[in-house]
Amino acid sequence: MGRSYVIGEYSEKYLKKLKAEERYGTTGILLGQITPVKTYIVFAARTPLKDHAELPPENPNEMNANDIEWVSEHARQVSRMLPGGILVLGVFLIRPSKMTKEEAHDIFRKLATAVEAAVTKERLWSFTEEEPAERVVLQVYADSKKMKVRAYDLHNPQTPIKMLDCKPSSLTAPWQIMEATINVDVNIPVPVAAEHKFDKDSLKGLNSWAKQIMHSSYLINGQFKEPENLIGEGSKKKLPVEVQFLTAPVPIADGEVDALIEDCGSSVTVKGTVRCRAYLHGSKSKVKDAIQSLKRDVLNTVFIRCQMVFEDQILNKNVDGDSSSLKAPHRVFAPVLPSGVAFCDYGFSDEGNKELEEHFKELLDYELNPAQLDRTEEVMLEEMGTEGIQDTQELPSAQPQQPVEPEEEKELEHSTDETAPSFDMTFAASCPDTSAERILEAIVELAHGVAAAAGVGVIAVAVSVIYFGNFIGESA
């Protein structure tokens with residue numbers, strides 16, 4: 001029996017709406033979930049128009065490299081907003097009547113390849129051999145009510161795009177929610193050859209940590225469950241499931257080398273506690289699939305936050321100088337589907353609800369109600385104050401910590417904007433002299449509170465930049 005494909009009611013209505021508005025030539029991306037037996041299309045979002053144009057181009061078959069790059073960049077940014085279990089599944093096209101079948105297939109190949117390449121660049125993980133290599137391409141015809149779904153093979157791009165039988169469904173049944181809190185303490189060497197200390201290539205140093213996370217053991221609600229067991233087995237209701245990850249060094253095979261000597265001028269330390277979330281549809285989700293989705297969300301959210309910090313510093317041309325008020329992006333969830341599945345966004349402390357609403361509208365073409373924004377975790381952190389933040393940071397460190405004077409602590413506690421709760425990522429720099437060199441010590445703290453099954457957790461990712469000579473560490 002082959003795979004089955006399901007399109008959610010929201011996606012179906014959205015695509016029909018675009019057709020009714022005669023937005024022929026419109027392209028967009030499809031979001032959803034791939035399970036061992038089914039693929040669920042749960043959300044569709046059109047590509048934002050360039051230069052505030054009112055309508056898409058009349059001849060989409062004349063797409064050039066810039067147009068394809070525009071679509072793939074949209075997919076890359078949307079992929080940052082997805083929780084564990086939800087992926088960019090493919091692309092769609094509101095096909096004009098004058099477009100031939102060959103032209104449509106050529107566009108789909110170009111778009112699907114570019115989109116997958118764009119979202120893959122921001123992953124610290126790879127698909128397993130058991131996971132389907134098919135991605136969805138969907139056509140809505142301008143001259144009829146037809147909506148055709150086809151499959152595109154990522155491994156064999158030149159193979160024919162085959163027709164799929166896609167069934168509509170409300171997909172409003174409760175989804176299984178998986179949640180976890182993970183401590184992070186990673187040191188990333190920055191090579192001397194790097195253009196500056198916020199070089200995005202430095203984030204490749206997270207690969208070693210990513211392997212450790214993917215190989216970690218787990219407990220589900222405090223108990224071990226076999227990977228082949230059903231995640232909801234023994235429970236009548238789909239209550240949120242709390243997972244604890246037990247990390248250990250990744251085993252090294254005989255003859256394998258896992259260390260190198262690298263000439264580095266600085267290091268970036270990512271440190272703190274990360275809260276993650278994943279969604280699974282259906283009553284037959286296995287433990288191994290749920291754990292895998294949750295682990296991938298851990299890797300995604302750490303990588304995205306670090307990358308946004310780097311991008312912000314480069315954008316502000318603060319690539320080498322000191323900074324004392326770098327604000328961290330915080331994760332805010334908002335349910336966008338009737339089933340309660342929530343997408344997220346990352347906002348800096350000076351961004352309020354309006355910026356988040358505009359971001360959802362621009363990238364997802366979704367009118368967000370402010371009441372949908374879930375800031376519960378941040379509000380709890382604000383109530384905890386800086387004392388809670390300090391408690392979560394008592395992790396082993398190779399560098400001595402400077403004591404915080406009472407006046408400085410008080411200033412930190414009251415420095416947040418009223419529109420954004422106490423979710424800080426401050427960048428404090430000091431340059432004391434040492435025997436022959438000057439050491440820049442910077443700490444970036446990212447924190448927000450979370451309600452866990454067993455109590456309250458706090459997110460805090462600290463990024464420190466420390467200049468030194470040679471560095472001996474694990475390879476990626």
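Biologist: Where does E242 sit, and why is E242 called buried?
Modeller: E242 lies in strand β11, residues 241-246; strands here are DSSP runs of E with at least two residues, and helices are runs of H or I with at least four, numbered from the N terminus. Buried means under 20% relative accessible area, exposed means over 50%, and partly exposed is in between (1.4 Å probe, protein chains only). E242 has 9% relative accessibility, so it counts as buried.

Biologist: How do you know all this?
Modeller: The model is predicted, so local features need pLDDT of at least 70 and side-chain atom pairs pLDDT 80 or more, while totals for chains, interfaces and linings use all residues. Residues are numbered from 1 along each chain as its sequence is written, and side-chain values use heavy atoms, leaving out hydrogens and water.

Biologist: What about N221, buried or exposed or in between?
Modeller: N221 is partly exposed, because its relative accessible area is 49%. N221 is in the loop between β10 (217-220) and β11, and its C-alpha is 5.2 Å from that of E242, 21 residues apart along the chain.

Biologist: What makes the phi of N221 worth a mention?
Modeller: Phi of N221 is near 50°, a positive value in a residue other than glycine. Most residues other than glycine have a negative phi. L171 also has a positive phi, about 50°, and is not a glycine.

Biologist: Why is L171 called buried?
Modeller: Its relative accessibility is 8%, so L171 falls under the 20% limit. L171 lies in the loop between β8 (166-169) and β9 (176-191).
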